[in-house]
Amino acid sequence: MAEVAFDWDQWNIQKNELKHGVSRLEAESVFYDPRHRLFEDGKHSTPREARYILYGRGLENRVLLVAFTLRAKRVRMITARPASRRERRIYEKRS
């Protein structure tokens with residue numbers, strides 16, 4: 001996989017670590033999971049900015065949900081947290 005450039009708001013890094021126990025490095029590692037599942041987030045997208053949901057296994061071997069958008073060819077991270085039971089089933093389901 002090609003190198004992915006990430007962009008974080010400093011507050012989001014701290015929020016994810018404090019509230020969800022997910023480090024910046026673990027969140028970014030989900031993009032390199034060959035089994036990741038990517039979906040468009042129609043609920044939170046706007047006409048000016050599409051948002052996406054990515055489910056994947058991170059460095060700590062946990063399935064995470066990562067919400068992001070694309071800005072200037074960079075992945076702008078919005079949030080990262082452990083996946084719920086329902087979200088883990090989505091990740092594990094193969095089409």
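Trainee: How many of the chain's residues count as buried, and what makes a residue buried?
Mentor: Of the 95 residues, 41% count as buried. Buried means under 20% relative accessible area, exposed is over 50%, and partly exposed sits in between, with a 1.4 Å probe and protein chains only. Keep in mind that this is a predicted model: local features need pLDDT of at least 70, side-chain atom pairs count only at pLDDT 80 or more, and totals for chains, interfaces and linings use all residues. Residues are numbered from 1 along each chain as its sequence is written, and side-chain values use heavy atoms, leaving out hydrogens and water.

Trainee: How do you know how many helices and strands there are?
Mentor: They're DSSP runs numbered from the N terminus: H or I over at least four residues for helices, E over at least two for strands. That gives three helices and five strands, in the order β-α-α-β-β-β-β-α.

Trainee: What makes a nonpolar core, and which residues touch the most other members of the largest one?
Mentor: A core is a set of buried Ala, Val, Leu, Ile, Met, Phe, Trp, Tyr and Cys residues joined through side-chain atoms within 4.5 Å. The largest has 15 residues, with Phe6, Phe31, Val66, Val75 and Met77 touching the most other members. Strands E4 (63-71) and E5 (74-82) each supply at least two residues of this core.
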